[in-house]
Every structure is written in C-alpha cells, then in structure tokens.
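I am opening a notebook on this structure.

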Amino acid sequence: MNSPDPSFALSYPLADALAAPATQEVAAGVHWLRFTLPWALNHINLYLLDDGEGCTLIDTGLGDEATRALWDALLARWPKPVTRIVVTHFHPDHIGNAAWLATRCQAPVVMTMGEFLLAHVVHAQLAGFDTPTMQAHFREHGLDDERVEAQGARGNIYARGVPELPSQYRRIVEGEVLRIGGHDWQVITGTGHSPEHAALACPAQGLLISGDMLLPRISTNVNAPASTPEEDSVGRFLTSIRKFCSLPADTLVLPSHGLPFRGIAARVAQLEAHHAERDAQLLDVLEVPHTASELLPVLFSRPLDRHQLMFALAEAIAHLNHLVATGRARRLHDARGVICFQAVQH
C-alpha cells in the first residue's frame, strides 16, 4: 500500500511490538499475544480476555509445531484456564489450533457459520474450493501453464496449516452480544476477505478486536475465489469496514497484524483511497483489453513467490470485478476463451 495521506494520521499508544510468546495487558483484563508466522507477514496478534474463573481466547495461530510449542509455554504459566475460543475467520493463522486447543483446554469454539463451514469445505477440498478448480480459475484469467502447475504442486496447503478442525461449534451472528469478563462485546461481521468474518467491539472498554478486517499498515487481502469468480469482493469489503465508523472515535483497535492503533475513521478513509487508487491504476491501462494476469505488475511492483501469487491474482481479479460491478469496465473473452477486461468509455 502507498504511504497514507498525513492528514489521516493514526496513533499508536503501544509503540513496541511484542516478541513471542510475551504478553502485554492493553486494557483491564485484555491481554495481547504475538505469535510468529513462517511467511513475509511474520506474525499474528492473538488476545486473551479475563472471563471470570477462566479466559476467552480470540484466534489461535497457525497449526504447526512451532506455534504449539509457544502455546505449551504460555499455557504452562498462564494463571487462568482457557474456557472459550473465539475464531474470527477460517484462515489457517486464525483457526489453525482451534481444534487442538479445544481438546486440550476442554473449551468450546465460537465462530460464525460461514467461517465454520468454509473451513471444512476448503480442508476437504470439496467442489469449488479444491486445487484443480483454483488452477482452472487462474488459467481462465490468463495465468501461464508453468505458474498454474506450480500452484497445483503446492497441494492442500490449507490442511498443512490446519491439521484438524472442530466438529462442533457455538454459532455467533451479526449484532449478537458476547458477555466476556463482565463486559458486552458486540459481533460485527464483514466480508470480502472471508465470508462471515467476526470482529468484536466493546464500547464500554473502548476496544475493537478487528481481526483481519481493519489493519493499520497493510491493506487486507480482498479476493475473488474460484467458487464465486465474478463476486465484487472489493465492494463488499468497503461496505463492511464502514460499519466500524459508528464506534467511538477514540476506540483502540486491536488488529490481527501490526500494532494496536486509534483512528478508525482515518484508517477506513485510507483504505477507501487505496482501493480507489487501485481502480484508477487499472483503468489507466484498460483502454485495450487485458487479462488479470497481465495486470499483476500494475498492482504489485515486487516479485511474487508462489504463495504471494495466489493472493495477488485473486485480488487482481477482485478489483477487476469491482470495476465491472460499478459499470467502469466490461468482461470479455479473447480468441482463446481467456477472460479479459476493458474500460467502458462514457
């Protein structure tokens, strides 16, 4: 993402990042944990909330040996047992240890239906969410055979990050209130990044646990999945994050990546500007038809490895779908049957 407009400055009351498995109390009874990730985005923030005789955990980290070793060390010294596990969404760094911790701690898993079901569908590689369908989706958008095959060679990477999934859960929905530690936390769902992402807001404590829907320094990945290839995920994402603007201006945002920050309205404005800039960059070159694959260098100047390519191409398709949905571009097919996009001249 480009540098934000300085008039939209955010504030960072907790300037120092944690080193895993250190913890920091960011509000009364609300503890910030940082665990490592083996990717360019090298960390995830988790939160433990005091909840009477036990505590409620928000997200669980990647389901690998390194993360489970961190959990072993933390649980051995934590004064209260984990008695409830809330999962914001189905991505491996958030749900990866949910089943393992639920069994170990004898704690229920709480999440939305959309995230629970999609986790199981992706893990099982069911129709529309399997690797061959993703490969066909990328090929249809112009990705060359070599890179398509490289994506397939990765296999079921989801199952490697999520070795097992809970078979039961307690469902939460938009607007529902969870009572945690004597405070009401309201569920705010969002889409565009995942189907029914759950953020949690506590106005009484001035806190928002935003998950991946509102991050301070990077833009949330917004993607068009193979199962819904023409979905306007960008439009859905922007609509979703605007809901956060109804929270008090001094709310402390506790994100899944980056530092806790204040300035919800400013960050939403930054992200709106970012996506508008993306739209403009694409329209500048869409006087003639282009495939999503051809447009990757327009949106991403850095080299992309296989892992990054999957997210980048799905995001490029999402932006192009947004231009079509808003009447600024049209979807075409070239002589090979590959999907192209061209700006609509008004």
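Before I start on helix pairs, I note that the axes are lines fitted to C-alpha atoms, and that angles run from 0 to 180 degrees between N-to-C directions.

**Entry 1: confidence.** I am working with a predicted model. I looked up the pLDDT and found an average of 95 for the protein chain. A score of at least 70 is reached by 98% of the residues. Residues 1-7 are another matter, with pLDDT below 50. I find seven contacts for this stretch in the model, beyond near neighbours in sequence. Where pLDDT is low, predicted coordinates should not be read in detail.

**Entry 2: α5 and α6.** How do helix α5 and helix α6 pack? I read an angle of about 160° between α5 (residues 131-140) and α6 (residues 145-153). Their axes are 9 Å apart. Angles over 145 degrees count as roughly antiparallel, so I list α5 and α6 as roughly antiparallel to each other. The crossing of α5 past α6 is right-handed. On the α5 side, I see Thr131, Met134, Gln135, Phe138 and Arg139 making the contact. On the α6 side, I see Asp145, Val148, Glu149, Gln151 and Gly152. I sorted the contact of α5 with α6 by class: three residues are nonpolar, four polar and three charged.

**Entry 3: α5 and α11.** Next I turned to helix α11, residues 306-325. Its axis and that of α5 come within 11 Å and cross at roughly 55°. I therefore note α5 as oblique to α11. Here α5 passes α11 in a left-handed crossing. Which residues of α5 meet α11? I find Met134, His137 and Phe138. They meet Met310, Leu313, Ala314 and Ile317 in α11.

**Entry 4: α1 and α3.** I then looked up α1 with helix α3, residues 98-105. These two pack at an angle of about 30°, with axes 12 Å apart. That makes α1 roughly parallel to α3. I note a right-handed crossing of α1 past α3. From α1, the contact takes in Arg68, Trp71, Asp72 and Leu75. From α3, it takes in Trp100, Leu101, Arg104 and Cys105. I count by class five nonpolar, no polar and three charged residues in the contact of α1 with α3.

**Entry 5: aromatic pairs.** How many aromatic pairs does the whole structure hold? My search finds three. I looked into Phe35 and Trp71: their ring centres are 5.0 Å apart. Their planes stand at 70°, so I record the pair as edge-to-face. Phe35 lies in strand β2 (residues 30-36) and Trp71 in helix α1 (residues 65-77), so the pair ties together parts that are 36 residues apart in sequence.

Methods. Residues are numbered from 1 along each chain as its sequence is written. This is a predicted model: local features need pLDDT of at least 70, side-chain atom pairs count only at pLDDT 80 or more; totals for chains, interfaces and linings use all residues. Side-chain values use heavy atoms; hydrogens and water are left out. Helices (H or I, at least four residues) and strands (E, at least two) are DSSP runs, numbered from the N terminus. Angles under 35 degrees count as roughly parallel, over 145 as roughly antiparallel, 65 to 115 as roughly perpendicular and the rest as oblique. A crossing is left-handed if the near helix is turned anticlockwise from the far one by less than a right angle, and right-handed if clockwise. Contact means heavy atoms within 4.5 Å. Ala, Val, Leu, Ile, Met, Phe, Trp, Tyr, Cys and Pro count as nonpolar, Asp, Glu, Lys and Arg as charged, and the others, Gly among them, as polar. pLDDT is the predictor's confidence in each residue, from 0 to 100. Rings of Phe, Tyr and Trp (its six-membered ring) pair if their centres lie within 6.5 Å; planes under 30 degrees apart count as stacked, over 60 as edge-to-face and the rest as tilted.
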